[in-house]
Amino acid sequence: MNFEQILALAIEASGAASDSDLSRKLGVSRQAVSNWRGGKKFPDTVTCATIAGITGIPLAQVLGVVGEARAISREEKAVWRKLAATAMAVIISVGMVATPTAATASPGSDKAGMYIM
């Protein structure tokens, strides 16, 4: 995932009609969003947290994507990419543990099954 995709998700999730509308929802200038989209600048950590909250993307993943985009050296980019990937792996593993499973009813019960969360 790159920051352009995160911006697209933020627009969709927030119900914004445009970058200008998104900028108002995030409390930043329209020019700031334009600079992010063009890769000239990227949001600060507080704005990253707001974007994570709007989109449901883990904050560590948003910070990893932004950090990688800002990084200059290949080594630094690799560290940020690893942070973003680790955040996604944690979410996937937690999701696997937290998914509801069917439980069978006790013998003699007329209920075929119920879900335990």
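Helix axes are lines fitted to C-alpha atoms over the stretch in contact, and angles between them run from 0 to 180 degrees between N-to-C directions. Helices are DSSP runs (H or I, at least four residues), numbered from the N terminus.

The model is predicted: local features need pLDDT of at least 70, side-chain atom pairs count only at pLDDT 80 or more, and totals for chains, interfaces and linings use all residues. Residues are numbered from 1 along each chain as its sequence is written, and side-chain values use heavy atoms, with hydrogens and water left out.

**Helix packing**

Helix 2 (residues 19–26) packs on helix 3 (residues 30–38) at an angle of about 115 degrees, and their axes are 8 Å apart. That makes the two helices, helix 2 and helix 3, roughly perpendicular (angles of 65 to 115 degrees). Their crossing, helix 2 with helix 3, is right-handed (the near helix is turned clockwise from the far one by less than a right angle). In this contact (heavy atoms within 4.5 Å), Asp 19, Ser 20, Ser 23 and Leu 26 of helix 2 meet Arg 30, Val 33, Trp 36 and Arg 37 of helix 3. The residues of the contact of helix 2 with helix 3 comprise three nonpolar, two polar and three charged. Here Ala, Val, Leu, Ile, Met, Phe, Trp, Tyr, Cys and Pro count as nonpolar, Asp, Glu, Lys and Arg as charged, and the others, Gly among them, as polar.

The axes of helix 1 (residues 3–14) and helix 2 come within 10 Å and cross at roughly 75 degrees. Helix 1 and helix 2 are therefore also roughly perpendicular to each other. Leu 7, Ala 10, Ile 11 and Ser 14 of helix 1 make the contact with Asp 19, Leu 22 and Lys 25 of helix 2.

**Aromatic cluster**

Rings of Phe, Tyr and Trp (its six-membered ring) pair if their centres lie within 6.5 Å; planes over 60 degrees apart count as edge-to-face, under 30 as stacked and the rest as tilted. By this rule there are two aromatic pairs.

| Pair | Centre distance | Plane angle | Type |
|---|---|---|---|
| Phe 3 and Trp 36 | 6.1 Å | 85 degrees | edge-to-face |
| Phe 3 and Phe 42 | 5.9 Å | 85 degrees | edge-to-face |

Phe 3 in helix 1 and Trp 36 in helix 3 are 33 residues apart. Phe 42 lies in the loop between helix 3 and helix 4 (45–55), so its pair with Phe 3 ties together parts 39 residues apart in sequence. Ring pairs link Phe 3, Trp 36 and Phe 42 into a cluster.

Phe 3 is buried, with a relative accessible area of 5%; buried means under 20%, exposed over 50% and partly exposed in between, with a 1.4 Å probe and protein chains only. Trp 36 is buried at 6%, and Phe 42 is buried at 18%.

Notes:
Angles under 35 degrees count as roughly parallel, over 145 as roughly antiparallel, 65 to 115 as roughly perpendicular and the rest as oblique.
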